[in-house]
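Let's take a walk through a protein model together. Have a look at the picture first, and then follow along paragraph by paragraph.

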Amino acid sequence: MSQGFIDIASSLAQIARGFHGRGWLLGTSGNLSAVVQREPLQIAMSPSGVDKGELRPEQLLSIDENARIVGQQGGKPSDESLLHIRIVKERGAGAVLHTHSIWNTILSDVYAADGGVRIEGYEMLKGLQGVRTHEHAEWLPIVENSQDMPALAETIGEALNKHKAAHGFLLRRHGLYSWGEDLVQAKRHVEILEFLLETLGRTLHIRERMI
Ligand SMILES: [Zn+2]
């Protein structure tokens, strides 16, 4: 394994433990990846079925652009690897992070009929790459969940093309995907979007009780 892979694997494991602590990756849910090399594509990917609170750097897998393991490692890459690869290709992302928080799960269902969640007017929006003002309106598309990963990757590719300014998207009753030029930016985007989704959800809840 290259030093680049070892460093990225260590950062991914650290982020997984941190997100687990926030309740965004409970049990074996969610997955994380980062690009190690572009040509040919090599991605460090979290394994399937491993508790994200216990993820160790040596458990990260190296996969190619077809989600096949490169090298002699054991283990099975996450079922959602094809989705990560699609996002890397469509967005030129250097890292993709996927969380299963309570608030992203709830809002992905509440707003499903609208096709997305509109988040507008919050200072925290400025943490998203390229956003300069709280007046920004972020549209997080919602994609229907599926266990057919090649088909879901296609649907996600279409949604990313249609909503080129989006910093993430939701899978209905499933979770949030976000990404960044690198792991630091991807982590920031997840933190910002999780904050905003929780704020939105709690606000709806409080308003409901006040009526
Ligand atoms: Zn998932």
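We begin with a pair of helices: the axes of helix 3 (residues 102-110) and helix 5 (residues 183-210) come within 9 Å and cross at roughly 65°. Here axes are lines fitted to C-alpha atoms, for helices over the stretch in contact, and angles run from 0 to 180 degrees between N-to-C directions. Helices (H or I, at least four residues) and strands (E, at least two) are DSSP runs, numbered from the N terminus. On the helix 3 side, the contact (heavy atoms within 4.5 Å) is made by Trp103, Asn104 and Leu107, while helix 5 brings Glu194, Leu197, Glu198, Leu200, Gly201, Arg202 and Leu204.

Before going on, a word about the model: it is predicted, with local features needing pLDDT of at least 70 and side-chain atom pairs counting only at pLDDT 80 or more, while totals for chains, interfaces and linings use all residues. Residues are numbered from 1 along each chain as its sequence is written, and side-chain values use heavy atoms, leaving out hydrogens and water.

Is Ser101 buried or exposed? Ser101 is buried, with a relative accessible area of 4%; buried means under 20% relative accessible area, exposed over 50%, and partly exposed in between (1.4 Å probe, protein chains only). Leaving aside neighbours within four places in sequence, Ser101 is in contact with Gly23, Trp24 and Glu194.

Let's stop at strand 7 (residues 168-171). In a regular strand the side chains alternate between the two faces of the sheet. Here Gly168 and Leu170 point one way and Phe169 and Leu171 the other way, and all are buried. Strand 7 runs parallel to strand 6 (residues 137-143), joined by 2 bridges, and Leu171 is the bridge partner of Val143. With strand 8 (residues 175-180), strand 7 pairs in the antiparallel sense over 4 bridges. Their hairpin has 3 residues between the strands, and Arg173 takes a positive phi near 55° there.

Finally, strand 8 is joined to strand 4 by 5 bridges, running antiparallel, with Gly180 as the bridge partner of Ala95.

Conventions:
Two strands pair if DSSP finds at least two bridges between them.
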